[in-house]
Amino acid sequence: MNKAEPLVLGIETSCDETGVGIVRGHTLLADEIASSVDEHARFGGVVPEVASRAHFEAMVPTMQRALDKAGVTLSDVDAIAVTAGPGLAGALLVGVAAAKAYALAAGKPIYGVNHLAAHVAVDTLEHGALPEPAVALLVSGGHSSLLRVDDLAGGVVPLGATIDDAAGEAFDKVARLLGLPFPGGPPIDKAARDGQVVIPFPRGLTGPRDLAEHRFDFSFSGLKTAVARWVEARERAGEPVPVGDVAASFQEAVCDVLTAKAVGACREYGIDTLVIGGGVAANSRIRSMAQERCEKYGITVRVPRPKLCTDNGAMVAALGSHLVAAGAAPGDLGLPSDSAMPITLVTA
Ligand code: KG4
Ligand code: ZN
């Protein structure tokens with residue numbers, strides 16, 4: 001095995017995307033995805049049982065597509081990485097069981113990895129090795145966290161997290177009340193382009209008292225309620241709801257708080273690299289706002305391209321590759337999945 005540039009296969013099934021990615025070192029060779037998102041859309045959220053069944057059906061064909069795309073066989077691979085948590089319990093089991101079967105059949109080492117750390121590691125596929133220490137802002141449908149990454153292979157230090165809704169969850173809920181489809185991030189991002197930031201929605205946990213106690217924490221449920229009240233008042237008055245303006249103003253409030261706290265953490269710890277990951281990092285406004293604000297303080301911001309921000313197998317392979325290169329010990333075939341895997345654990 002070439003330890004500096006290992007060929008690693010990654011399997012992701014923590015939510016509604018069945019992802020299989022293959023990387024060599026920091027080079028992406030394949031990133032195949034089968035999504036069950038359409039099956040969940042009418043419920044306005046992911047239905048765990050439906051997601052598990054969809055993973056079960058999609059796993060082998062997605063694996064085959066990834067191997068074909070990369071032009072490799074399972075026997076060429078140096079290691080297999082799989083998301084062990086956090087995520088939907090049944091969905092995780094499908095991926096972990098598949099990874100164990102592939103590892104056993106091909107005689108390969110297996111790494112059960114943390115989904116959140118993988119959202120950070122994926123950036124190495126676009127921008128190369130991550131300078132450490134770095135601050136990571138992780139914003140997805142299930143999580144919103146600020147982390148200090150001193151050593152990605154050894155674990156990350158949580159600085160703050162949401163105390164209620166995740167940022168992506170807020171996008172999904174606000175989209176629903178604006179009559180936009182699920183998942184709500186992309187349609188809000190699009191609607192916001194035709195709107196103006198004119199409604200002063202609240203910025204959660206940014207008052208002087210909140211900042212003392214919750215400096216690097218987030219809260220989005222008050223914002224979601226404020227949007228709901230504003231829309232209801234319009235409807236009660238028999239006036240049309242300006243969807244673009246509401247979307248733009250809501251998006252601005254979320255991005256403002258996320259980027260202000262992320263930049264604040266970089267400055268407080270004297271860290272000059274900020275990496276942003278997770279589905280919400282695909283948002284066009286958070287990308288431009290982070291760039292503007294970081295530039296002001298000499299902070300380099302790294303955000304992978306949108307397709308790598310949302311869930312995929314390449315991110316799992318990227319973290320696996322980093323672990324192999326760092327000499328981390330693989331797991332065994334008894335490795336557990338953990339739907340509540342803490343962010344401080346990189347491997348299960
Ligand atoms: O990381 P991810 O694919 O899955 C989880 O681990 O949760 O994130 C999905 C979340 C959804 O809530 C979705 O609405 C949000 O990411 N999202 C976006 C955008 N694209 C996806 N939010 C804002 N703007 C986007 N362009
Ligand atoms: Zn995710």
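The largest pocket in this model has a volume of about 1,000 Å³. The model is a predicted one. There are 37 residues lining that pocket, and Asp16, Ser140, Gly141, Asp172 and Pro183 are the closest to its centre. The largest share is from α6, with six residues. Sorted by class, the lining has 15 polar, 13 nonpolar and nine charged residues.

Now, what takes up the space of the largest pocket? That is ligand 1.

Around ligand 1 there are 20 residues, and those that come nearest are Gly141, Asp172, Gly185, Gly279 and Asp311. By class, this shell has twelve polar, five nonpolar and three charged residues. Three helices supply at least two shell residues each: α4, residues 115-121; α6, residues 167-177; and α7, residues 185-192.

Next, the side-chain contacts to the ligand. On His119, a side-chain N or O atom is 3.2 Å from an oxygen atom of ligand 1. With Asp189 the ligand atom is a nitrogen, 3.0 Å from an N or O atom in that side chain. Asn283 also faces a nitrogen atom of ligand 1, with a polar side-chain atom at 3.0 Å. How much of ligand 1 does the protein bury? Taken alone, the ligand exposes 560 Å², and 89% of that is buried by the protein.

To go back over the main points: ligand 1 takes the space of the largest pocket, α6 gives the largest share of the lining of that pocket, and His119, Asp189 and Asn283 are the side chains to look at on screen.

Terms used:
Residues are numbered from 1 along each chain as its sequence is written. Chains are lettered from A and ligands numbered from 1 in the order in which they are written. This is a predicted model: local features need pLDDT of at least 70, side-chain atom pairs count only at pLDDT 80 or more; totals for chains, interfaces and linings use all residues. Side-chain values use heavy atoms; hydrogens and water are left out. A residue is near a molecule or strand if one of its heavy atoms lies within 4 Å of it. A polar contact is a pair of N or O atoms within 3.5 Å; within protein, one must be able to donate a hydrogen and the other to accept it, and residues adjacent in sequence count only if both atoms are side-chain atoms. Accessible areas come from the Shrake-Rupley method with a 1.4 Å probe; for residues, only the protein chains shown count as cover. On a 1 Å grid over the protein atoms alone, a cavity is a set of points where a 1.4 Å probe fits but cannot get out, and a pocket is an open set with protein on both sides within 12 Å along at least five of seven lines; lining residues have an atom within 4 Å of a point. A molecule sits in a cavity or pocket if more than half of its atoms lie within 2 Å of its grid points. Helices (H or I, at least four residues) and strands (E, at least two) are DSSP runs, numbered from the N terminus. Ala, Val, Leu, Ile, Met, Phe, Trp, Tyr, Cys and Pro count as nonpolar, Asp, Glu, Lys and Arg as charged, and the others, Gly among them, as polar. Grid points are joined across faces, edges and corners, and a volume is the space filled by probe spheres set on the points.
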